[in-house]
Every structure is written in structure tokens, then in C-alpha cells.
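Hi,

Here is the structure I promised to pass on.

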Amino acid sequence: MSRHPYFSRRERLLAKIGDGIAILPTAPEKLRNRDAHHPYRFDSYFWYLTGFPEPEAVLVLVGGSQPQSILFCRDKSEEREIWDGFRHGPQGACEAFDFDEAYPIAELDTRFGDLLTDRPTLWYSLGHDAEWDARITAALNAVRAQSRAGKRAPAEIRDLRVPLDAMRLTKDAHEIDAMRRAAAISSAGHARAMHACRPGMAEYELEAELTYEFRRRGGEAHAYTPIVAGGLNACVLHYVANDKLLNDHSLVLIDAGCEVEGYAADITRTFPVNGCFSPAQRDVYEIVLAAQAAAIAAIKPGNHFMDPHQASLRVLAQGMLDLKLLTGSLDGVLESEAYKRFYMHRTGHWLGLDVHDAGEYKEGDAWTTLAPGMTLTVEPGLYIRPAADVPPTLAGIGTRVEDDVLVTPVGCEVYTSAPKTVAEIEEVMRHD
């Protein structure tokens, strides 16, 4: 894995912090129960700047005329490596990840004072971790206590997430490559789940098909808890129980994606459990698919983040009128927000190291302007819960279609490829 992107990102951030100092710890390990840990996942900001995968690590960036990137990490330990696996150690990490200096994590507190002294600004994500907030406060107070010796603590604390969020919003070539691979693996997982689906299966059986395909192709993990929602469960936006049986003549909605090098894919597909859309299911599905196409057409440099949502919303609202779910005019439905009964979320979000990735959605009072390198999801849906005024053929249909989209210099590129049209889905699901 190329180290250059991490090195160049640190250089860019060092240029932004001036004569200040930035401190960025990675995520801690988390106990699952007793002495068993959850699978470790690094902090996304830390990974973005280092590519260093181990826990108990801290990045310190020292700005100024002689900028430095310093890593504190676990020391080499033959005994711990026997139990837990390989550790780079400070020297190995320095060589492998292009840090200027590296020290054992046990030395961090003793070196904190010298690092902070006479730096005008501390860049740190205050409020993100209470334990680290206390640790930083203690280090600052230790420097302040030596003011009569001429030592000065940083007079200003600034949020490190602000410059990092702006950097992470536009993906570089290394990030785009990782996201393409995550998308390809995730698309294959969705196709496998479609082909495997049969009436009477449990939702978790399709989840297992996804997990198998993700790992078989090199995906590191699910990027988020997968949703496998059959029938009415698809009308629950964050349904994750995945423990019910799949009934004939119903739809199943799968929202799942894997991670590659920490980067997420995020795909949703909805398909008939028995492999053939009913007329009512097809009508709803085609409306959602058309809404997604309208949103994708609105993604290009110079447009705003909300433009795809507004384009999608007009198609969905008209579809609700055509299905007799709502009455009145299209403009009236949009103005009154009556559509929210059946479509209550936005059409997309930023995507990257986090499935809901870093980056502002507004610039002042205006929605963020789309630019090449930005990546976002496009995920319209319709969720038709049974009610007295809902046509019986539509009751219980939940549908969402989601793809991952890269803004390009001339428009956009959909880089997820799971079967999506009615014809593609029914062909993949054929069992003869």
C-alpha cells in the first residue's frame, strides 16, 4: 500500500496549522465482554493521515519553519506479539510510514510538555473523547504551571476536525481506488444474495451470503451493520434484526456494503423474494428507480448538494400522486411536505472512510457546491405502511435503491454496479 498519500496529507495539514501543534489519537480498543475485544477499527481521521493500523497510537504534527510528524505507538514486545500478533514498534513505524520521529506510547505524557511549550495554537478535537480531553487539559496545566520559568502554553485551542473535514470531502486517487474496490466487492455481494434468495429463507441467511462474498473477495468488514429487511420490515429505515423469514410474493430490501482499506461502499437493492416483481411492486420500484435517475442527472460540478434531492423528490411526489397515495397537485404536495409520510429522509450523504463521511453540507447559508472528487450516495425510497387509506396492493411495500457516485470534472460516475433494473434483477434471480 503506497505511503505517499498519507505523507502528502500530513504535509497539507501542516501547512494549515501554521506554527501550531496538532494532536490526534487513534481509536481505543473496546471490550466486548470480559477479556474479549470487539474487532479493532482505527479512528478515521487518524487513518487518513497515517495509514497506521495499530491501537494505542497518537499522531503529533508540529508546525512552523521545521515541520515534523511524530508518532507515539506501542513498543516492540516479543511476548505480546506471541499473543496478539505483529507490532511495528517506533523504529519500524518510522521507517514504514514516513514519520520524522517515533517514540513508545509510554513516553507521551513525559514529552507532552516540551511539545506544547511555546506553541501559539493547539489543534485538537475537543469534546470527541472525554478521557483525552482530561489528558490534554492536564498537559496544558503542567505547562502553565511553569510560566515563571518562561514557558508558555498554547493560548488558543482550535478544532482539528475543521481543516480535516474540508480535506476529506474531496477524495484523492488513492481513496477513489479503495472506494472502487469496495464498491465492486459489495456489488458482487448483492448479486450473490439476489441469486441465493428463496421464499422461506431467513433474513440472516441472505446476510450470511453477503458476508461470505465480502470476505471471499477481500473486503475487510461490513462498513456498517447490514439491513436485510423482508416485507413490512423494509418500512423500518434502520431495521437490523435480520431474523425473520422471507415470505413469497413480498420484497426484500438489503442495505449493505463492505470496507476496503477503511473506505466504505454503501449499496441498497430491493428485489422480490420469489424472483418476479408483481405489477404493484414493479410500479413502486420503477418510480424509485426513476427518482434515482433524476437525482444522478443533477450531480455535476457547480450544482449544490441538495439539487439531487430536489430532483428526486419531484419524481417521488408525482409517483405518490399517480399511485393514489396522495391527492392534490405536485406543487401542493411538495409545499405541504405531505410526501414525508412515505419518504422521510434525504436522498444521499457524503461517503468515504465513514459511511456517513466527514464534510460540511452547507457553506454558510448555502448548500455545499459539488466539485470533482466528492463522493456521495443517491438513495431515494418509498415506504408504504398499511393504513385504511392505502390501496391494499401497495400496503407493506418498502423500496429503496442506493448507489455510490463520484463527482467528475464533466458530471458524475456511478461506480457501484449491483443489478438494478427490473430485467437485470429478475435475470440474476432465475433459478433454472
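I'll begin with the second largest pocket, which has a volume of about 440 Å³. Keep in mind that this is a predicted model. There are 19 residues lining that pocket, and the ones closest to its centre are H238, D255, H349, H356 and E379. Sorted by class, the lining of the second largest pocket comes out as seven nonpolar, six polar and six charged residues.

Next, the largest pocket: the space in there is about 640 Å³. The largest pocket is also lined by 19 residues, with P39, Y40, R41, A221 and E259 closest to the centre. As for classes, the lining of the largest pocket has 10 nonpolar residues, four polar and five charged.

α2 turns up again when you look at helix α7, which covers residues 161-169. The buried residues of α7 are P163, L164, D165, M167, R168 and L169. What do they pack against? Their partners are α1 (4-16), α2 (44-50) and the strands β1 (21-25), β7 (121-123) and β17 (375-378).

Is H309 buried or exposed? Its relative accessible area is 9%, so H309 counts as buried, the cut-off being under 20%. Leaving aside residues up to four places away in sequence, H309 touches Y343, H345, R346 and T347.

Cheers

Definitions and conventions:
Residues are numbered from 1 along each chain as its sequence is written. This is a predicted model: local features need pLDDT of at least 70, side-chain atom pairs count only at pLDDT 80 or more; totals for chains, interfaces and linings use all residues. Side-chain values use heavy atoms; hydrogens and water are left out. Buried means under 20% relative accessible area, exposed over 50%, partly exposed in between (1.4 Å probe, protein chains only). Helices (H or I, at least four residues) and strands (E, at least two) are DSSP runs, numbered from the N terminus. Contact means heavy atoms within 4.5 Å. On a 1 Å grid over the protein atoms alone, a cavity is a set of points where a 1.4 Å probe fits but cannot get out, and a pocket is an open set with protein on both sides within 12 Å along at least five of seven lines; lining residues have an atom within 4 Å of a point. Grid points are joined across faces, edges and corners, and a volume is the space filled by probe spheres set on the points. Ala, Val, Leu, Ile, Met, Phe, Trp, Tyr, Cys and Pro count as nonpolar, Asp, Glu, Lys and Arg as charged, and the others, Gly among them, as polar.
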